[in-house]
Amino acid sequence: MMKFLSLIILMLAQTAFSALPEYNAPLILARANINDGYNIPAMSFLSNTNPVINNRGDVSFRIMAVEGQNDQAIWSKTFEDENGKIVYVAPEQRFITDPSINDHGKIVFNLHDEGVTDGLFILDTKDLEVKQVLSPDNLPIKFYTYPQIKNNDQIYFRATDDFDDRIFYEFKEEKLNKIMSEGVESMGLKSAYLFRPSFNDSEAVAFKARLGDKGQWDEERPDQILIFTGGQLTAIAKDRDSDPKSPFLRFGNTVSLSSTGMVAFTVKLEDGKGAIVISKDNVLKVIAFEGQNDITEIETFAPKINAQGQVAFRAIDINGKRGIYLADETGVKRIVGEGDEIMTDLGMGRILSNPNYPGFGGDVDMNDHGEIVFYCVIVDSDERELGSAVYKITPKI
């Protein structure tokens, strides 16, 4: 039975950073460029990649092309690995979804081309063995998207079937279980579109849903942010199309679910300002919003919430520069941004600051220890491009 929470909005305008950590300088993990590279071969390319980090600090991301060939690959650096390296290259003419990595160093991904999927695969970074765990044979699945592997090795993903309907699945103990489908009523909800889900180790899933019958995808349709846990579906927030009294005009498409059950998502408030909202103990709180801390625009890339209730997100400041920010109930802090000096493998450089081209790309990820990974474009002191890079930044002890 679905039940709705009352909405309590706390506009937190504090700028005190007492609960937010200080950070060390960003550490370069890998750099891709035409003529050279760092921990990546020359003539390899990154493009708006989404690096991920687990609670051991292991990092993984997708490479778009390797050594001048259109071969996609997975790169990984584990706790035991000093430098990091390419750990898997896809077969010719196959694409790889962005990887997910659990705390035991197991990576899940999907192989596909534009019309055919090869199923889901697990790569164990301890021995680099790759095992196929789901095949499209005899399964009503056309595409596997957003695969996520948890610490008990359970895999969750969103699938598209032969009718192009989206479905949430869990793969548990060698069994494939359907969680929720579009176009049919499930636990009191009938969704026309299921957006990108976020899962945690407690078998909970948080997501945005557009309500209605199949094909009713118009922006005017009601949207809700929901969480399914313990066999119960709960609406965390509703937009103005769903509830005329809602303070939310609309939601971003992606939510983040922490290991402790907190949810973070982006919204447009009734005054038109973008904001970051968290759901904690069934209370909604606005922890960052446009107009605060020199932020003029909160970008639509997915925010990431950790077990401490800290949220990493991307935003643009009053000077038009993109940056990575951290927020919680005590305030907001800029972590790093375009134009900042940053150490590269070739000496001191900068994150690209160009009004015609973004210096950051893709989603930001953060673990429960506050370690953050991100993708950026870097230049040297003479503004010559050094390529695309992935960095890790850690809190000071």
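**Strands, cores and rings**

Mentor: Let us begin with a turn: β17 and β18 form a hairpin with two residues between them, and Met187 in the turn has a positive phi of about 55°. Strands here are DSSP runs of E with at least two residues, and helices are runs of H or I with at least four, numbered from the N terminus. This is a predicted model, in which local features need pLDDT of at least 70 and side-chain atom pairs count only at pLDDT 80 or more, while totals for chains, interfaces and linings use all residues. Residues are numbered from 1 along each chain as its sequence is written, and side-chain values use heavy atoms, with hydrogens and water left out.

Trainee: Which residue in β18 does Glu185 stand opposite?

Mentor: Two strands count as paired if DSSP finds at least two bridges between them. Strand β17 (residues 185–186) and strand β18 (residues 189–194) are joined by two bridges in the antiparallel sense. Within β18, the residue opposite Glu185 is Lys190.

Trainee: How many residues does the largest nonpolar core have?

Mentor: A nonpolar core is a set of buried Ala, Val, Leu, Ile, Met, Phe, Trp, Tyr and Cys residues joined through side-chain atoms within 4.5 Å; buried means under 20% relative accessible area, exposed over 50% and partly exposed in between, with a 1.4 Å probe and protein chains only. In the largest core, the residues with the most contacts inside it are Ile372, Phe374, Ile378 and Tyr391, and its residue count is 21.

Trainee: What are the centre distance and plane angle for Tyr88 and Phe109?

Mentor: Rings of Phe, Tyr and Trp (its six-membered ring) pair if their centres lie within 6.5 Å, and planes under 30 degrees apart count as stacked, over 60 as edge-to-face and the rest as tilted. Tyr88 in strand β7 and Phe109 in strand β10 (residues 106–112) are 21 residues apart, and both are buried. Their pair is tilted, with values of 5.0 Å and 40°.

Trainee: How far from the ring centre of Phe195 is the charged end of Lys208?

Mentor: A charge sits over a ring if NZ of Lys or CZ of Arg is within 6 Å of the ring centre and within 35 degrees of the ring normal. Phe195 counts as buried, at 10% relative accessibility. The charged end of Lys208 sits over this ring, and its distance from the centre is 4.4 Å.
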